[in-house]
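Here are a few notes to read with the structure open beside you. Take them one at a time and find each spot as you go.

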Amino acid sequence: MSRGAEALDLPVWSSASDQSWEPRRSSNAMAHLDSDVKEECLREDLKFYFMNPCEKFRARHQIPWKLGLQILKIVMVTTQLVRFGLSNQLVVAFKEENTVAFKYLFLKGYSGVDEDNYSCSVYTQEDAYESIFYAINQYHRLKNISLGTLSYRENEEKRIGLKVCKQHYKTGTMFPSNETLNIDSNIEADCLHLDLWALSKNPPGWKNSSFFRLEFYRLLQVEISFHLKGIDLQTILSRELPDCYVFQNTITFDNKAHSGKIKIYFDSNANIEECKGLNISGSVQKNTQYVLAFDAFVIVICLASLILCTRSIFLALSLRKRFLNFFLEKYKRHVCNADKWEFVNGWYILVIISDLMTVMGSILKMEIQVKNLTNYDLCSILLGTSTLLVWVGVIRYLGYFQKYNVLILTMQASLPKVLRFCACAGMIYLGYTFCGWIVLGPYHNKFVGLHTVSECLFSLVNGDDMFATFAQIEQKSVLVWLFSRLYLYSFISLFIYMILSLFIALITDSYDTIKKYQQNGFPVTDLQAFLKECGSRGQCQKEPSALLCPICCLRRKESDDHLILSN
């Protein structure tokens with residue numbers, strides 16, 4: 001071996017065994033080069049994935065189809081919801097106005113204001129009889145006195161008329177003077193059907209029937225039920241097909257308490273059914289076709305958005321798998337969970353849920369439009385919730401700007417701590433709820449049920465209606481009155497001055513942490529460190545302009561862009 005060769009450490013073919021050295025070196029070099037190429041491709045794909053739509057367009061001239069589709073969807077879904085909301089208001093208003101009209105028609109002495117949860121009450125036997133006979137007579141005279149588009153309809157037994165039922169204890173005698181009571185607690189029910197022919201008799205023989213000889217000391221309740229039908233014509237003014245309604249009305253005279261007061265309840269259950277023999281001239285039918293075409297276009301838009309977002313999620317999971325395998329192969333360790341969740345875009349999941357609800361709600365709305373279905377409530381829930389999610393999704397586009405992104409990052413950082421805190425505070429809240437219901441329920445109308453107690457306490461936490469809650473406690477029991485003061489003062493002091501303040505402090509602490517990170521830099525994870533590395537080609541990603549990327553894309557945790565993998 002020459003001195004020059006030794007100094008340069010060059011291989012010398014001095015023996016036959018050394019002739020295999022160059023092929024092994026070439027193979028290793030090719031493998032190393034192939035590994036570098038894969039690493040560079042993976043890095044470029046990751047950088048491209050975490051870009052915003054503007055940066056993607058600059059990098060590969062990729063048109064942001066999903067962004068334009070989401071903007072169009074917001075306009076379309078909101079327009080659809082407003083139109084359906086106006087139609088639903090007409091339906092609800094028609095039902096409520098008919099219920100009020102029925103109370104005035106069939107309840108004797110109705111004042112227009114319900115008493116607690118019942119409509120009115122009577123206190124004498126004469127008033128009870130008059131109220132029962134008044135409702136029956138008003139039913140007979142309905143077509144002559146009603147201002148609405150009402151008529152009689154068959155009941156479940158395929159009969160037109162009234163059904164009067166009474167419930168009472170089987171047998172019994174009572175002598176309050178000597179405190180004697182002999183009663184059979186078994187309950188009997190008797191019913192009488194009064195058709196229009198029986199009601200038309202003069203004099204009315206049904207009033208003298210033994211059925212209406214009520215023994216009030218063992219009477220539990222009297223129930224009058226009848227069915228009516230009507231047509232809602234106000235929808236024609238909105239260029240929609242009218243709805244036909246069936247009203248299942250029930251008047252209940254409740255004497256279960258035997259306290260000398262009979263409560264009268266009126267219940268009207270309105271069901272929409274298909275109108276038969278509609279013949280409406282004008283532009284109503286043409287307008288219906290336009291509305292159906294608009295709803296179909298909304299469904300197409302939402303399906304396209306659903307397909308694109310679903311595709312992006314699958315491609316992101318594929319990219320995550322590539323990154324996890326590469327990281328394990330090169331660094332011999334697993335990626336942290338935070339980096340794994342970087343590839344799961346919560347905004348896409350939100351959009352998918354919104355699209356599914358919009359599609360189902362639009363299909364239901366089209367069926368309602370042609371009067372095949374009548375479930376307005378379910379349709380309004382689906383469309384309303386989907387529109388809420390669509391507008392919440394607008395926040396992700398504001399997240400491209402640093403000042404607006406603070407809200408998203410603060411919510412994301414504080415949510416786990418807030419949930420844990422609410423779980424602990426909820427135990428105390430439930431304790432106060434049960435305690436208030438048991439002790440104060442008989443003496444305060446805001447504590448009569450668990451749901452009303454919870455609503456009352458939530459209002460107190462927000463500083464609403466405090467004086468009225470204190471003042472409405474009945475002072476029939478001094479002990480309960482004193483307990484109510486201790487109960488309310490302790491709850492308000494604990495939740496407003498301590499728990500609510502701590503709740504706000506948790507969010508404020510997260511906000512301060514985010515502000516410090518934005519000033520000094522966010523903690524660098526394995527994924528971010530990998531993206532910042534320069535490959536063997538010596539090329540690093542250039543910083544995007546401040547106009548197109550107010551937030552460094554490498555620090556964003558939420559992405560809204562779909563994934564294109566390079567092969």
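1. Start with H258, which has 32% relative accessibility and so counts as partly exposed. You'll find H258 in the loop between β8 (243-254) and β9 (262-273). Its backbone is worth a look too: phi of H258 is near 50°, a positive value in a residue other than glycine. Do keep in mind that this is a predicted model.

2. Now hop over to D465, in the loop between α14 (450-461) and α15 (466-471). D465 isn't a glycine either, yet its phi is positive, at about 60°. How accessible is D465? Its relative accessibility comes to 36%, so D465 counts as partly exposed.

3. Next, a pair of helices. The axes of α4 (residues 65-106) and α11 (residues 376-392) come within 10 Å and cross at roughly 150°. Angles over 145 degrees count as roughly antiparallel, which means α4 is roughly antiparallel to α11. The crossing of these two helices, α4 and α11, is left-handed.

4. Who does the touching there? On the α4 side the contact residues include K73, I74, V77, L81 and F84, and on the α11 side they include Y376, C379, L383, V390 and W391. Sorted by class, the contact of α4 with α11 has ten nonpolar, seven polar and one charged residues.

5. On to the aromatic rings. A pair of them is described by the distance of the centres and the angle of the planes. With ring centres within 6.5 Å counting as a pair, the count comes to 31 aromatic pairs. Take F102 and F106: their ring centres are 6.2 Å apart and their planes are at 45°, so this pair is tilted. Both F102 and F106 lie in helix α4, four residues apart, about one turn of the helix.

6. Are F102 and F106 buried or exposed? F102 has 0% relative accessibility, so F102 counts as buried. F106 is at 1%, so F106 counts as buried too.

7. Compare that with F133 and F212, whose ring centres are 5.5 Å apart with planes at 70°, so the pair is edge-to-face. F133 lies in helix α5 (residues 125-140) and F212 in the loop between α7 (196-199) and β7 (219-232), so the pair ties together parts 79 residues apart in sequence. F133 counts as buried at 16% relative accessibility, and F212 is buried with a relative accessible area of 5%.

8. One last thing to trace: ring pairs link F94, F102, F106, Y139, Y152, F226, Y245, F247 and F266 into a cluster.

Definitions and conventions: Residues numbered from 1 in each chain as written. Predicted model: local features only at pLDDT ≥ 70, side-chain atom pairs only at ≥ 80, totals over all residues. Heavy atoms only, no water. Axes fitted to C-alpha atoms, helices over the stretch in contact; angles between N-to-C directions. Parallel < 35°, antiparallel > 145°, perpendicular 65-115°, else oblique. Left-handed = near helix turned anticlockwise from the far one by under 90°. Contact = heavy atoms within 4.5 Å. Nonpolar A, V, L, I, M, F, W, Y, C, P; charged D, E, K, R; others polar. Phe/Tyr/Trp six-rings, centres within 6.5 Å; stacked < 30°, edge-to-face > 60°. Buried < 20%, exposed > 50% of the residue type's maximum accessible area, 1.4 Å probe, protein only.
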